[in-house]
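Biologist: Could you walk me through this model? I would like to learn how to read strands and cores.

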Amino acid sequence: MKIDTRHFGEVEINDDKIVVFKKGIFGFDHIHEFVVLYEGDQGAPFAWLQALKDKNVCLPMVNPMLWYPTYSPDVDDDLIGEIGELDQKLLEIFSVVVIPEDITQMTTNLKAPILINHNTKKGIQVIVNDDYDVRHNLYEQIQLLKKAGE
């Protein structure tokens, strides 16, 4: 299937890559079908959640575990159960990124991660029970990790 995207033009996707968000996602509860587009391979630092039927809805995301190694969100089991088994091997977690003109102000939302079960092709956005913020400065975190790795 071909989909039209604002940022990537026309993209060919397999039907088995479509992820259904029964409740939509925050701000887009009327949109239920998305595809995750990766920068290169699955597991790359950045990914995009692209709506199938609205080319203008495309959210940049990161795997927060890559940048925040101690990130361990507390999510109610019944919410995770809505998208399939409670098996972390089947779940992929993302946090939405806001990339402003001043890249040093780039943030990610650790309070409301997006969970995707690629086995069931279902996704959900949740509010975690922890005290994580909606706007963690991702740019600063990336710089800290770079310095630590030098």
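Modeller: Strands (E, at least two residues) and helices (H or I, at least four) are DSSP runs numbered from the N terminus. This is a predicted model, where local features need pLDDT of at least 70, side-chain atom pairs count only at pLDDT 80 or more, and totals for chains, interfaces and linings use all residues. Residues are numbered from 1 along each chain as its sequence is written, and side-chain values use heavy atoms, leaving out hydrogens and water.

Biologist: How many bridges join β3 to β4?

Modeller: Two strands pair if DSSP finds at least two bridges between them. Here β3 (residues 18-20) and β4 (residues 33-38) run antiparallel, joined by three bridges. β4 also pairs with β5 (residues 46-51), antiparallel again, over five bridges. In β5, alanine 51 stands opposite phenylalanine 34.

Biologist: Which residues touch the most other members of the largest nonpolar core?

Modeller: A nonpolar core is a set of buried Ala, Val, Leu, Ile, Met, Phe, Trp, Tyr and Cys residues joined through side-chain atoms within 4.5 Å. Buried means under 20% relative accessible area, exposed over 50%, partly exposed in between (1.4 Å probe, protein chains only). The largest core has 27 residues, and Ile13, Phe46, Leu115 and Leu138 touch the most other members. Elements giving two or more residues to this core are β4, β5, β6 (58-62), β7 (91-98) and α3 (138-149). Apart from this core lies another of 16 residues, including Ile25 and Val96.

Biologist: Where is lysine 121?

Modeller: Lysine 121 sits in the loop between β9 (114-117) and β10 (122-125). Its phi is positive, about 65°, although lysine 121 is not a glycine.
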